[in-house]
Amino acid sequence: YITLSYRWTEETDKTKLTRSNLHQYLTCMPYMDWPATFRQTISIARQLQIKYVWIDSLCIIQDPQDWAVQSQLMHRIY
């Protein structure tokens with residue numbers, strides 16, 4: 001897998017995973033709704049035949065209580 005390191009912006013903030021949108025994102029998250037940075041990363045990963053991409057705002061629930069716990073574990077990923 002690869003990880004994406006990026007600067008958070010208003011665009012990336014719109015697609016962050018929260019408890020309120022978790023079910024929706026597990027069901028469907030239209031590719032064209034993703035920030036360009038995410039789409040470009042997925043495109044490059046596919047070209048390189050990399051199967052998985054870790055994008056923290058999509059892989060970690062971004063609600064304050066979850067972030068407090070998960071942010072302490074990020075060193076295991078990055």
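**Notes on the predicted model**

1. Lys16 is partly exposed, at 26% relative accessible area; here buried means under 20%, exposed over 50% and partly exposed in between, with a 1.4 Å probe and protein chains only. This is a predicted model, so keep the cut-offs in mind: local features need pLDDT of at least 70, side-chain atom pairs count only at pLDDT 80 or more, and totals for chains, interfaces and linings use all residues. Residues are numbered from 1 along each chain as its sequence is written, and side-chain values use heavy atoms, with hydrogens and water left out.

2. Lys16 has a partner: it forms a salt bridge with Asp13, with 3.4 Å between the closest N and O atoms. The rule asks for a side-chain nitrogen of Lys or Arg within 4 Å of a carboxyl oxygen of Asp or Glu, and by that rule the count comes to one salt bridge. Asp13 is partly exposed too, at 36% relative accessibility.

3. Asp56 sits in helix α4, residues 56-59; helices are DSSP runs of H or I with at least four residues, strands are runs of E with at least two, and both are numbered from the N terminus.

4. Asp56 does have another side chain to talk to: a polar contact of 2.8 Å joins it to the side chain of Tyr6. That term covers a pair of N or O atoms within 3.5 Å; within protein, one must be able to donate a hydrogen and the other to accept it, and residues adjacent in sequence count only if both atoms are side-chain atoms.

5. As background, an α-helix has 3.6 residues a turn, so residues three or four places apart point the same way.

6. Gln49 deserves a look at its backbone, with a positive phi of about 60° although it is not a glycine. Most residues other than glycine have a negative phi. Gln49 lies in the loop between α3 and β2 (53-54), and at 75% relative accessibility it counts as exposed.

7. A disulfide needs a pair of cysteine sulfur atoms within 2.5 Å, and the count comes to zero. Cys28 is partly exposed at 47%, and Cys59 is partly exposed at 36%.

8. Arg7, between β1 (2-3) and α1 (10-13), is exposed at 67%; Arg7 and Thr37 are 30 residues apart in sequence and 9.7 Å apart in space, C-alpha to C-alpha. Met32, between α2 (22-27) and α3 (36-47), is exposed at 61%; Met32 and Trp54 are 22 residues apart in sequence and 18 Å apart by C-alpha.
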